Amino acid sequence: MAQTFQEISPSDFFYRNRDIAGFTNPARAIYSAIRELVENSLDAAENIGVAPDIYIRLKFLGEAGREAQVYQLRVQDNGSGIPARHIPSAFGQVLFGSKYKLKQARGTFGLGGTMAILYGQITTHQPALVISSTGSSRIYMYRLMIDIQRNKPLILDRKILLNKEQWRGTIVEFSLEGDYFRAMSKIVEYLKQTALVNPYANLTFVDPRGRLYKFTRVTTRMPTPPKETLPHPYGVDVEIFQRLIQVTPTRNMIDFLRTHFHRVGETTARKFLEFSKIPPSKNPRKLTHQEIVHLVRMMKRFKDFLPPDASCLSPLGKDLLKAGILKELEPEFVAVCQRRPSTYAGHPFIVEVAIAYGGKIPRKGDFTIYRFANRIPLLYDEASDVSVKVIRSMNWRRYKVTPDMPIAILIHICSTKVPYKTVGKEFIADRPEVRREVLNGIREAARHLQRFLTKREHVNRERKRLSIFAKYLPKIAQFSTQLAGKSQPPNVEILLRSVRKFELEN
Amino acid sequence: MSWKTKSSIAEKRKAVLESLEKFGSSLYEQMARGVFPSIEMPSRSIDNIYYHPELRQYVLGEKRVRRTARNIRHIRPFTQLVWAAFFSHELTSQRKTSTLRDVYYSAQAYEMSFKDQQESNAIITDLETVLGWSREDFNIFPEERSAIFGDLTIEYTVPGYEGRTLNLTSHPDGVMIGPALTSAEFVKTSADKVIAIEKGGLFTRFIEERVHERFNALLVLTAGQAPRATRHFIHRLNKELGLPVYIFTDGDPWGMHIAMVIISGSANAAHVRELTTPDAKWSGVWATDIVKYKLPTDPLSDIDFKRLRELQRDPRYKDELWQREIKTFMKIGRKAEQEAFSRYGLTFIVDEYLPAKLEEA
Ligand SMILES: Nc1ncnc2c1ncn2[C@@H]1O[C@H](COP(=O)(O)OP(=O)(O)O)[C@@H](O)[C@H]1O
Ligand SMILES: [Mg+2]
């Protein structure tokens with residue numbers, strides 16, 4: 001029997017494996033679609049240093065079988081816009097994107113937004129509409145579909161409009177099947193948490209019932225944008241190495257290493273080549289496959305590479321984190337902590353932690369945990385996340401904390417390569433380097449919380465103590481005055497003042 | 001602290017008022033000087049209660065405790081104590097009486113509420129300890145009432161009755177030993193002894209059988225464990241009138257102890273004097289009487305045995321008579337009520353038993 005071999009395109013591959021990209025079922029699909037488009041919009045605004053203004057509308061179009069309905073999703077932003085020639089590929093081709101360079105971003109593979117459109121096309125057979133302008137004199141409007149087999153955009157219609165108002169941004173609109181009512185609470189929660197870690201963004205959502213959800217920015221200050229960076233030797237694999245060799249203009253190993261790797265200078269390059277016994281004068285294009293494999297292996301073993309610097313990262317920072325929490329959670333107290341940059345496998349990362357207490361934080365018998373990676377909320381698979389494991393393993397009584405207290409713990413990890421356990425971008429893998437930073441961050445914030453709780457307890461106890469004296473001393477004075485047959489009770493104010501241990505605020 | 005043994009009721013009242021006022025003044029002065037008021041009193045903790053063989057009662061030792069309003073844990077009971085002093089002063093000066101239960105409720109009118117009756121009782125006990133008077137001196141009486149019958153003429157000192165006299169044979173049920181009687185002066189009596197009886201039934205029988213006349217006695221009904229007012233009253237009959245006291249109880253460890261508390265007092269009242277009558281005699285029903293008179297009996301229960309073993313070690317019971325009776329009880333393993341004599345006819349106890357026992361004493 002003859003076997004048939006067939007090559008499938010990346011679009012085809014992702015279509016067949018849509019589970020791994022978060023399109024498992026109608027409810028999850030609609031959540032993922034909104035999420036991918038919103039994250040693209042946030043990236044697009046932040047890239048040009050503009051505080052994001054994002055408008056999301058989900059419209060009910062009709063029923064589609066027992067479990068799902070057809071919706072139209074429209075997301076509009078004030079971001080960079082997309083140059084006209086890239087628009088079809090950006091949305092009509094899987095694995096096409098502008099975020100392959102090494103710096104912190106929400107999207108990574110050129111996958112998310114396109115996957116959403118692909119899913120929409122598969123479920124409704126309708127084209128997607130993309131309108132975008134970079135702020136030039138024109139606005140481009142495309143109606144397109146994806147040729148799944150060939151992983152290529154099919155342009156159905158293209159219009160150019162005059163941009164009199166100098167509008168800049170992108171509108172993406174397409175229809176898809178989904179189950180909004182099962183996804184509703186997750187979507188709202190997603191937007192709320194997104195507003196929390198992006199306190200400089202305006203998010204507006206009009207849902208199929210016509211309800212308006214509005215998350216308003218509290219600041220226009222934005223975190224310092226990340227700088228692009230070269231790959232660090234510790235984080236390089238054979239694939240990346242080979243790609244670099246193909247494009248390099250350099251003609252010897254010293255230059256090659258200095259030009260293409262992060263924090264490798266002349267001295268380090270020489271020492272490394274000596275360590276791996278490759279002649280410095282060797283032309284990198286002449287490296288054999290064995291030599292490449294050897295070099296990559298040596299790179300992981302060589303101890304003297306400088307650690308990656310963190311300028312490619314863009315943590316939120318203590319002030320913004322605090323502002324976001326105060327705005328969305330309205331706690332009585334919040335402790336925030338930013339860890340120093342660290343690395344795992346050559347990838348720099350920074351952990352930020354906050355613990356919020358009281359106020360509108362619910363008491364539910366357990367901590368409320370908020371997890372974020374590169375300013376994206378992670379809402380699924382909480383139990384598998386490293387942060388949750390760390391929180392569960394800690395001895396909270398040391399910090400005077402019990403689970404029945406109204407406490408929210410927030411963990412933000414940012415990295416050029418977030419150590420997700422799955423493609424679904426839902427939880428962070430348990431890597432020792434990451435675990436340590438998370439643990440230390442939570443400990444630091446917990447110590448702040450403990451100080452706050454102790455102080456509050458002191459103040460409460462002191463208040464209670466004083467109120468007891470204030471209640472009884474005048475009575476003692478009154479009764480003994482009557483017993484002694486005096487007309488004026490003694491002044492107990494001096495006594496009351498003397499029992500005050502410290503001045504109470506307000 | 002000196003223990004007062006005055007008997008003149010009016011004089012005593014004056015002294016009580018003075019000591020309450022002095023107490024108030026001392027607190028007032030301390031506060032006027034800008035210091036937290038504090039007081040000192042004998043400790044009532046177990047390790048400071050001793051049996052005094054000469055006084056033949058429990059007394060407090062040398063240990064003293066200091067209570068200060070500076071201490072957050074003291075200030076509430078401290079205030080309650082001052083209030084209790086104030087309230088007692090009101091009662092005493094206005095010649096009103098009150099009960100422990102009243103005290104508990106009255107406090108609420110002054111926004112001084114007590115957690116429960118136990119707490120307010122404890123504060124009154126504190127006041128007794130601090131001032132060295134017993135609560136009856138502050139016109140605070142217990143709920144339970146017992147009674148007396150016999151030829152004793154008293155003169156009331158309570159408002160509205162001052163100077164009025166009463167002979168305690170005037171009512172065939174006896175006269176209640178309440179606040180008015182407790183504060184009355186003794187005028188005259190023809191009696192030469194006091195017979196205290198545990199149970200109401202027998203008390204009535206004795207009156208019907210004219211025991212008071214035939215034996216020249218004042219009859220006191222203790223109604224179970226004698227209230228403090230009654231113990232004090234018996235003490236006065238013994239001290240002021242020089243009358244010997246005989247006590248008749250059920251023939252069991254509990255009856256025995258009713259007699260003992262009249263004789264030697266209780267540990268709870270170690271801070272007060274004038275409640276005991278050390279020379280009083282327990283006249284029955286003894287364990288040996290049970291044997292001798294072949295009385296109908298019930299078996300001793302486990303609790304009875306346990307109580308007997310406790311009493312055996314009690315310093316108040318060290319005398320030969322008590323030890324003998326305890327041993328006999330344990331040996332025969334039986335007990336008998338006073339009413340058991342009825343098997344020999346209703347008057348046997350008065351005609352035969354009582355004369356024999358009074359003889360014996
Ligand atoms: N709203 C937008 N504004 C500007 N550029 C966008 C927008 N959405 C998508 N893009 C561009 O399209 C590319 C592909 O997007 P996507 O498929 O979501 O992949 P990814 O976000 O992982 O790169 C992005 O890399 C970006 O360059
Ligand atoms: Mg994306």
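Mentor: Start with rings. Rings of Phe, Tyr and Trp pair if their centres lie within 6.5 Å. By that rule the structure holds 42 aromatic pairs over all chains. Keep in mind that this is a predicted model.

Trainee: What makes B:Phe186 and B:Phe233 an aromatic pair, and why is it called edge-to-face?
Mentor: Their centres are 5.5 Å apart, and the limit is 6.5 Å. The planes stand at 85 degrees.

Trainee: Are B:Phe186 and B:Phe233 buried or exposed?
Mentor: Both B:Phe186 and B:Phe233 are buried. That word needs a relative accessible area under 20%.

Trainee: What is the geometry of the pair B:Tyr293 and B:Phe341?
Mentor: The centres are 5.7 Å apart and the planes 75 degrees. The angle cut-off is over 60, so this pair is edge-to-face too. B:Tyr293 sits in the loop between helix 10 and strand 16 of chain B. B:Phe341 sits in the loop between strand 17 and helix 13 of chain B, 48 residues apart from its partner. B:Tyr293 and B:Phe341 are both buried.

Trainee: Which rings form a cluster in chain A?
Mentor: Ring pairs link A:Phe60, A:Tyr71, A:Tyr180, A:Phe181, A:Phe205 and A:Tyr213.

Trainee: Now the interface. How do you know that chain A and chain B are in contact?
Mentor: Contact means heavy atoms within 4.5 Å. 23 residues of chain A meet 29 residues of chain B that way. The buried area is about 2,200 Å², with 79% from carbon and sulfur atoms. On the chain A side, A:Ile476, A:Phe479 and A:Leu483 lose the most area, together 32% of what that side buries.

Trainee: Why is B:Glu29 with A:Lys486 called a salt bridge?
Mentor: The closest N and O atoms are 3.9 Å apart. The cut-off is 4 Å, so the pair qualifies. The count between chain A and chain B is one salt bridge.

Trainee: Which element gives the largest share of chain A's side?
Mentor: Helix 12 of chain A, with 14 residues.

Notes. Residues are numbered from 1 along each chain as its sequence is written. Chains are lettered from A and ligands numbered from 1 in the order in which they are written. This is a predicted model: local features need pLDDT of at least 70, side-chain atom pairs count only at pLDDT 80 or more; totals for chains, interfaces and linings use all residues. Side-chain values use heavy atoms; hydrogens and water are left out. Buried area is the accessible area (1.4 Å probe) that two parts lose on being put together, summed over both. A salt bridge is a side-chain nitrogen of Lys or Arg within 4 Å of a carboxyl oxygen of Asp or Glu. Helices (H or I, at least four residues) and strands (E, at least two) are DSSP runs, numbered from the N terminus. Rings of Phe, Tyr and Trp (its six-membered ring) pair if their centres lie within 6.5 Å; planes under 30 degrees apart count as stacked, over 60 as edge-to-face and the rest as tilted. Buried means under 20% relative accessible area, exposed over 50%, partly exposed in between (1.4 Å probe, protein chains only).
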